Amino acid sequence: MSARIGVITFPGTLDDGDAARAVRYADAEAVPLWHADEDLKGVDAVVVPGGFSYGDYLRAGVIARFAPVMSSVIEAAHKGMPVLGICNGFQILCEAGLLPGAMIRNAGLHFICRDQWLRVENNDTAWTTRYDKDAEILIPMKNIDGCFVAEQATLDELEGEGRVVFRYVGGNPNGSRNDIAGIRSENGRVVGLMPHPEHAIDALTGPSDDGLGMFYSAVDALVSA
């Protein structure tokens with residue numbers, strides 16, 4: 001049987017279809033999950049995709065964090081289920097306490113949409129084993145609240161424990177502290193990043209197929225579990 005990876009849809013989600021497509025490209029079954037339903041349908045992993053959940057009212061991700069499905073995701077993550085948060089999904093995971101820090105308005109206060117080079121800082125997570133450490137990958141990004149911030153003690157902890165997963169290369173596009181583009185949980189099962197790997201799974205439609213490695217990595221982690 002193939003791995004079953006859930007993809008959540010919130011009101012305002014934009015990229016659930018592309019995330020599901022990326023899951024299928026990795027030879028896994030994409031299972032739709034609805035924000036108002038606590039049932040995770042027996043999935044093996046979860047993708048919290050990008051968009052503007054609940055219109056980003058109050059603060060990006062803060063309302064979605066209280067959606068019924070997230071209570072189940074939080075519980076499953078604490079038990080070791082792999083969870084990937086992309087862009088708005090990263091914001092939601094931070095609001096939910098599954099990842100530290102927070103995202104604020106980009107430096108310069110502009111929406112950014114461009115292809116962005118990233119360096120793989122950690123390839124020992126459930127979502128990055130298919131990459132070589134220090135590999136540089138090209139992934140689209142599109143956000144306005146993508147500036148990662150955290151207290152200095154938290155930043156020191158992330159750096160000291162090797163929990164920075166991706167770092168911006170060739171210039172920091174949004175002012176994120178330490179050029180951080182993505183981080184992981186202590187156990188490496190939960191990963192969040194602002195750029196969009198699901199938009200880089202086919203060189204015909206994206207700038208590269210570099211993002212596909214994240215989804216293959218999750219399938220590898222599930223098969224070997």
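# Briefing on a predicted protein model

The protein contains five helices and 11 strands. With a radius of gyration of 16 Å, close to the 17 Å that the globule rule gives for 225 residues, the protein is as compact as a globular protein of that length. The model is a predicted one.

**Overall dimensions and contacts**

- The C-alpha trace of the protein spans about 45 × 40 × 35 Å along its principal axes.
- Of the 225 residues in the protein, 56% are buried.
- When contacts between residues at least 6 apart in sequence are considered, 73% of them join residues at least 24 apart.

**The sheet**

- An open sheet is formed by nine strands, with mixed pairing and the order S2-S1-S3-S4-S11-S10-S9-S6-S7.
- From one strand to the next, the twist averages 25°.
- Six bridges link strand S1 (residues 4–9) to S2, and the two strands pair in the parallel sense.
- Thr 9 has Trp 34, in S2, as its bridge partner.

**Helices packed on the sheet**

- Helix H1 (residues 16–25) lies across S1, S2 and strand S3 (45–48), and the helix runs at about 175° to S1.
- Helix H5 (residues 212–224) also packs on the sheet, where it touches S1, S3, strand S4 (83–86), strand S9 (164–168) and strand S11 (190–193).
- The direction of H5 makes about 165° with that of S4.
- The buried residues of H5 are Leu 212, Gly 213, Met 214, Phe 215, Ser 217, Ala 218, Val 219, Ala 221 and Leu 222.
- The elements covering these buried residues of H5 include S1, H1, S3, S4, S9 and S11.

**Glu 121, a buried loop residue**

- Glu 121 is situated in the loop between strand S6 (112–120) and strand S7 (136–143).
- Glu 121 counts as buried because its relative accessibility is 17%, and the cut-off for buried is under 20%.
- The side chains of Glu 121 and Arg 119 are joined by a polar contact of 3.2 Å.
- Leaving aside residues up to four places away in sequence, Glu 121 touches Lys 133, Val 164, Val 165, Phe 166 and Arg 167.

**Loop residues with positive phi**

- Most residues other than glycine have a negative phi.
- Lys 41, a residue other than glycine, has a positive phi near 60°.
- Lys 41 belongs to the loop between S2 and S3, and its relative accessible area of 39% makes this residue partly exposed.
- Leu 58 likewise has a positive phi, near 70°, and is a residue other than glycine.
- Leu 58 is placed in the loop between S3 and helix H2 (68–78).
- Leu 58 is exposed because its relative accessible area is 81%, and the cut-off for exposed is over 50%.

Technical notes:
Residues are numbered from 1 along each chain as its sequence is written. This is a predicted model: local features need pLDDT of at least 70, side-chain atom pairs count only at pLDDT 80 or more; totals for chains, interfaces and linings use all residues. Side-chain values use heavy atoms; hydrogens and water are left out. Helices (H or I, at least four residues) and strands (E, at least two) are DSSP runs, numbered from the N terminus. Buried means under 20% relative accessible area, exposed over 50%, partly exposed in between (1.4 Å probe, protein chains only). A polar contact is a pair of N or O atoms within 3.5 Å; within protein, one must be able to donate a hydrogen and the other to accept it, and residues adjacent in sequence count only if both atoms are side-chain atoms. Contact means heavy atoms within 4.5 Å. Two strands pair if DSSP finds at least two bridges between them. Axes are lines fitted to C-alpha atoms, for helices over the stretch in contact, and angles run from 0 to 180 degrees between N-to-C directions. The radius of gyration is taken over C-alpha atoms; the globule rule is 2.2 Å times the number of residues to the power 0.38.
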